[in-house]
Structure formats: C-alpha cells, structure tokens
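Reader: I have a structure to go through with you. Can we take it step by step?
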Amino acid sequence: MSDRLPGFSTLAVHAGAQPDPTTGARATPIYQTTSFVFNDADHAASLFGLQAFGNIYTRIGNPTNAVLEERVAALEGGTAALAVASGHAAQVVVLQQLLQPGDEFIAARKLYGGSINQFTHAFKSFGWNVVWADPDDIASFERAVTPRTKAIFIESIANPGGSITDIEAISTVAAKAGVPLIVDNTLASPYLIRPIDHGADIVVHSLTKFLGGHGNSLGGIIVDAGTFDWSTGGKYPMLSEPRPEYHGIRLQETFGNFAFAIACRVLGLRDLGPALSPFNAFMILTGIETLPLRMQKHCDNAKAVAEFLAGHPAVASVSYAGLASDKYNRLARKYAPKGAGAVFTFSLKGGYDAGVNLVSKLQLFSHLANVGDTRSLVIHPASTTHSQLDDAAKVKSGAGPDVVRLSIGIEDKEDLIADLEQALGA
Amino acid sequence: MNHDAYPDNYIRGILNSVKSIAMVGASPVNVRPSYFAFKYLAQRGYDMIPINPGHVGKDLLGKPFVASLRDIGRPVDMIDIFRNSSHIMPVVEEALALDPLPKVVWMQLGARDDAAAEKAEAAGIKVVMNRCPKIEYGRLSSEISWMGVNSRTLSSKRAPAPTQGMRLSLNRMSVGGGDTAASDRAAKNKSEQS
C-alpha cells in the first residue's frame with residue numbers, strides 16, 4: 001500500500017490486469033461478446049449518459065480491451081488510453097477530435113508511407129489539410145504554423161530510415177502554437193522512448209508492431225498524456241463545448257485530465273466504429289508481457305547487424321541511429337539510450353538491382369510489408385510501402401530506389417549475419 | 001500539502017475515513033456532473049447531503065436539499081465544493097464556522113483556490129483541490145479501469161464484481177502518488193499562469 005513506483009517490466013506484466021472478479025481467472029479472459037446486460041433501466045441510462053463506469057457494447061468498450069488500454073497507458077505514463085482496430089484507425093480517431101473541415105495539421109515528412117498516404121489523400125477528402133515539415137529542421141515546423149493549425153504529428157523513431165526525432169524541440173513549437181503534439185511511438189515502443197516524458201500530449205501506436213510483437217494481430221492505441229488544456233478559446237469544441245450527443249455534457253469539465261481519451265471513445269470510436277476485437281487485444285496483451293525482453297534483444301541484434309553491414313564492401317551506406325557514426329546518434333543517445341530500435345535501412349553499391357537480388361537470396365529474413373515481428377523481415381520500400389510517393393518524395397522520406405529496409409527479429413544474431421553475408425556475397 | 005500532486009495514500013485515507021459528505025452546488029439536473037457524482041457516492045455508501053439554496057423543499061435521490069452548510073444541523077465529515085474557483089472562499093469560510101469542524105474540504109475538478117486551502121489547513125482540515133471524488137474512488141478501486149483509465153494501482157487479489165450499493169476496497173498497491181507526472185506538471189503550469 002506504499003506509494004512506490006514499480007519498474008517498467010512489472011507494469012508490462014501487471015498494469016490493468018487483476019484476477020477476473022467472477023471466476024478468479026489469472027490470465028486476462030477474452031470477453032468475446034458484443035454486449036453487456038444492464039442491471040435495470042436506471043443503470044442503462046446512467047451508462048449511456050456517461051454517468052457510471054461500466055460496459056455497454058464492444059464497439060464502445062470491452063473488458064479485455066480495457067486491460068490493454070490501462071496497460072499501455074501505464075507503460076507510456078499517460079492518464080488513459082483507447083484501443084482501436086489499427087494504427088491507422090488511431091490516427092483517424094485522434095484527428096477527428098481535433099480538426100474541423102478546413103483546418104490544418106503539421107506532419108513530419110519522415111513518416112511511415114501508409115501515414116503519408118492517409119494524410120495526403122484520405123484526410124484531404126475530410127477537409128483536414130496536412131502541411132509537411134522537415135524533422136531535421138525544427139524551424140520548418142514553426143514556419144508551418146497558421147491560425148488554422150490544430151495539431152503537430154511526428155514519429156519518435158521514423159520509418160523507414162530509423163532516424164530519431166527531436167521530440168522536445170518540436171514540443172516547444174507545439175506549446176508556443178497552442179496545439180497538441182501527437183507522437184507515433186510505434187517503432188520505439190515505450191520501452192525505448194516515452195514521448196510524454198519529452199512533451200508529447202498524445203501518443204499513438206500501431207500495436208501490430210513491437211507491442212504485440214509476434215506478427216499475428218492488428219491493433220492500434222491512443223494514449224492521452226493528460227497535459228493539454230482543451231478549454232481555451234473554443235479551439236477544440238469536441239472537448240470544450242456541450243455535446244449534443246450526450247445531453248450537453250462538456251467532456252473536459254466532466255473528465256478532466258483524461259477527457260481526450262474519453263472523447264476518442266465516445267465521439268470517435270462510437271461513431272466511426274473501428275473497434276478492436278477482444279481476441280486481438282488478448283494476443284497483444286500477451287505480447288506486451290515480454291516487451292522489455294524482446295525489445296532489448298531486437299535492439300542488440302539490430303546494432304550487431306548494422307555494424308556488420310557498415311563494414312561490408314558491397315554496402316554503400318547504413319542508416320541506423322545506434323551506430324556511433326550515424327547522423328542521429330546524438331539524438332539516439334539522448335532519447336533512446338537502451339537502443340535505437342530495430343528498423344533501419346541500408347543501401348547497396350549495386351543500387352536497385354543489387355537490392356532486389358539480396359531480397360531474393362535471403363533465407364531467414366522474410367520478404368513482407370510489416371515491422372516489429374519476432375522474425376527478421378526485409379522489404380524494398382520504394383516498390384512497396386512507399387511506392388505511391390513520387391521519386392523526390394521517396395528520397396525525402398528516406399525510401400530512395402537503392403534503399404533496403406530491415407526489421408531485425410529476436411533470432412540469434414550470428415544466424416542473421418550469416419544469412420546477410422551469403423546473400424550479399426553471391 | 002503539495003496540491004500539485006497528491007500521494008494516493010492521502011486520497012485513500014480520506015475516502016476510507018469520511019462517512020458523511022455535504023455537496024455544495026449539488027444539482028437536480030441529471031446531466032450535470034454534480035448530480036452523477038452525488039449519485040455515485042451515495043451508491044458507494046456515503047451519507048450524502050445536497051446543499052443548494054435554490055432547491056430547498058425538494059430532494060435529490062431521496063435526500064432533502066439544505067440551503068447552506070450552517071443549516072445541516074449535524075456534524076459532517078467532508079465538504080465537497082462543486083463551484084468555480086472564484087466561489088470557493090465564502091464556502092470555506094462558512095465551513096470554518098461549523099462546530100465541530102469538517103475533517104476534509106474537497107474542491108471539484110477544475111476548482112482551485114490556494115488561499116482558501118491555506119485557511120482550511122491552518123484550522124487542521126485536510127484539503128483536496130482540482131479532483132473529483134467519484135473519479136478518485138473509481139481509480140483507487142480500479143472500477144474506472146473499464147473506461148481505459150490508468151488507475152495507477154496494481155493488485156494480484158481477486159476483487160468482487162461491483163454491484164449496486166457496494167463499498168469497494170481502495171487498498172490496492174499504488175503505482176505512483178497522485179496524478180501522473182506529466183499531467184501534474186501541466187496542471188501546475190496552468191495554475192501558476194492564472
């Protein structure tokens with residue numbers, strides 16, 4: 001009962017989970033049900049009016065998903081979280097709370113290719129206008145701020161090149177502009193970087209990657225840092241104004257420092273519908289229990305593989321922030337001292353053809369479009385994840401035609417190096 | 001007391017020890033936060049007294065409205081103030097005139113008056129500001145976890161399924177004192193600017 005802060009690994013195993021009240025089950029049960037009975041009409045009305053704690057319908061909340069939400073909120077140091085069907089769904093739900101048609105948000109140019117597409121095309125049809133900035137040039141974020149700016153979006157470790165973003169510097173720009181900083185922490189996971197400690201107001205994840213960690217279940221999550229004041233100036237009416245959907249409740253007034261997570265649930269998830277399956281939540285929770293062990297191994301392996309590649313005569317360059325010679329090594333040492341992640345790129349002296357040849361010769365690395373699996377993965381971003389971008393945008397996002405991306409797994413590093421060596425040597 | 005971040009044991013001690021709570025600004029309108037906080041605390045076994053001079057003669061969930069603290073006519077353990085920060089001081093002054101004194105003055109989420117807090121503490125009264133007792137009860141019992149909220153508590157014990165009218169154990173292991181560090185810092189900056 002003492003107010004003692006347990007360590008990260010303890011939280012990864014315990015946060016949010018307790019023995020099931022009904023059965024005593026110690027593992028978190030999969031509550032595979034669409035809906036939950038009410039005690040009586042008054043209880044039902046209280047739940048629908050957001051006046052009581054409890055479950056209604058799995059599109060709005062589910063006890064298995066709730067354990068996952070509390071666990072990730074605890075690991076990230078946030079006040080609350082909301083699990084959704086995918087990382088992409090998390091981004092839609094977050095921005096729906098912040099932007100009205102005609103508004104803008106600033107996004108770092110170095111992002112997962114799927115996010116670049118989503119922001120450029122899908123969100124344009126909602127009237128949400130993305131303005132790009134360069135994470136290597138903090139002043140470019142300041143220059144992009146206008147009266148219509150409602151948020152800034154960055155990745156902590158950027159896909160595909162594994163570069164490290166200066167979260168604190170960009171959070172200063174966001175604070176000055178009076179807008180929340182959203183950080184996609186997928187490639188770092190909270191084991192390596194906790195963006196809230198560096199000024200993030202909202203953290204999003206694709207749970208599909210390192211948090212779930214086994215390449216078997218899609219999921220996304222939104223973490224509310226509880227740091228942003230939504231009440232000023234009527235800039236964020238979803239949070240500050242009376243909501244007609246809920247008899248005039250003002251979410252910030254009612255829910256205080258976790259109002260954003262509640263808005264995402266009761267205005268976003270409820271009405272847009274991208275609910276996470278409780279089965280996927282269970283699989284991801286099981287993955288999170290070993291996150292600290294896996295993530296350290298991922299990073300240690302990645303560093304060994306990057307060092308091997310950097311010394312190989314067929315390799316032109318390696319972009320891995322964990323290498324002492326890397327441009328982002330200073331930021332890596334500041335933000336991710338335990339390791340610079342396990343997703344990075346390298347380019348071959350033989351260019352595009354050598355890259356294609358390498359991918360086809362690898363025996364252990366799997367050629368597929370995912371990262372953050374126990375297995376080591378390889379892909380050629382220019383022809384896959386970043387293929388919708390034009391050539392200039394490919395280069396700017398770190399996915400030029402000669403670039404190969406690796407996601408290093410938790411196999412024995414000697415076997416990964418041997419596989420690369422045979423594929424490069426032939 | 002550091003009013004930027006309360007240790008869980010401080011909040012837990014208050015919620016475990018008080019029995020009667022007078023809620024100043026309790027509303028009969030069933031979509032107002034004061035209404036559903038009142039209802040929740042009554043369901044969790046607290047002896048609730050609604051204070052609102054505009055509704056004397058009516059009752060709130062079976063409890064008759066009382067015009068002011070001095071009209072309660074019996075000792076009360078805690079005053080829960082559902083008013084804006086600018087209306088706190090007169091309520092605290094009224095509370096300080098009670099005999100016996102209340103043990104706790106609690107100001108709702110969004111409400112904070114450091115001068116009023118100092119006065120109450122000088123009289124030996126415990127003070128909580130900018131918190132909701134419903135949220136804190138739900139957090140420390142982990143009942144609020146159903147909404148994805150970080151309760152900042154852990155337990156390997158099997159808890160009973162909460163039913164209507166049940167008091168819940170608040171004695172789980174705390175992950176950290178009061179609010180999380182980042183949200184505390186933000187609240188502190190806000191109160192310093194205002």
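Author: A definition to start: helices (H or I, at least four residues) and strands (E, at least two) are DSSP runs, numbered from the N terminus. This is a predicted model: local features need pLDDT of at least 70, side-chain atom pairs count only at pLDDT 80 or more, and totals for chains, interfaces and linings use all residues. Residues are numbered from 1 along each chain as its sequence is written, with chains lettered from A and ligands numbered from 1 in the order in which they are written.

Reader: Where does His386(A) sit?
Author: His386(A) is in the loop between strand E13 (377-379) and helix H16 (391-396) of chain A.

Reader: Is His386(A) buried or exposed?
Author: Buried, because 27 other C-beta atoms lie within 10 Å of His386(A). The cut-offs: buried is 20 or more other C-beta atoms within 10 Å of the residue's own, exposed is 12 or fewer, partly exposed is in between, with C-beta atoms placed from the backbone.

Reader: Which residues is His386(A) in contact with?
Author: Leaving aside neighbours within four places in sequence, they are Gly113(A), Pro381(A), Lys394(A), Ser397(A) and Ala399(A). Contact means C-beta atoms, placed from the backbone, within 7 Å. Leu364(A) is 22 residues from His386(A) along the chain, and their C-alpha atoms are separated by 24 Å.

Reader: Zoom out. How many helices and strands in chain A?
Author: Chain A has 17 helices and 14 strands. Its radius of gyration is 22 Å, close to the 22 Å from the globule rule for 426 residues, so chain A is as compact as a globular protein of that length. That radius is taken over C-alpha atoms, and the rule is 2.2 Å times the number of residues to the power 0.38. Of the 426 residues, 55% count as buried.

Reader: What domains is chain A divided into?
Author: Domain 1 (8-287) and domain 2 (292-425). The bounds come from an automatic or database domain assignment. The C-alpha centres of the two domains lie 29 Å apart.

Reader: How many residues are in contact between domain 1 and domain 2 of chain A?
Author: 31 residues of domain 1 are in contact with 34 residues of domain 2. On the domain 1 side, H5(A) gives the most, with four residues.

Reader: What about the largest nonpolar core? Which residues have the most contacts inside it?
Author: Ile152(A), Ile221(A) and Ile222(A), in a core of 195 residues. Such a core is a set of buried Ala, Val, Leu, Ile, Met, Phe, Trp, Tyr and Cys residues joined through C-beta atoms within 7 Å. Helix H11 (residues 259-272) of chain A gives the largest share, eight residues. Both domain 1 (8-287) and domain 2 (292-425) of chain A supply at least three residues each.

Reader: What does Ile221(A) touch?
Author: Not counting residues up to four places away in sequence, the partners of Ile221(A) include Glu69(A), Val72(A), Leu82(A), Val204(A) and His205(A).

Reader: Now chain B. How many helices and strands?
Author: Chain B has six helices and nine strands. Buried residues make up 52% of its 194 residues. The C-alpha atoms of chain B fill a box of roughly 45 × 40 × 30 Å along the principal axes.

Conventions. Two residues are in contact if their C-beta atoms, placed from the backbone, lie within 7 Å.
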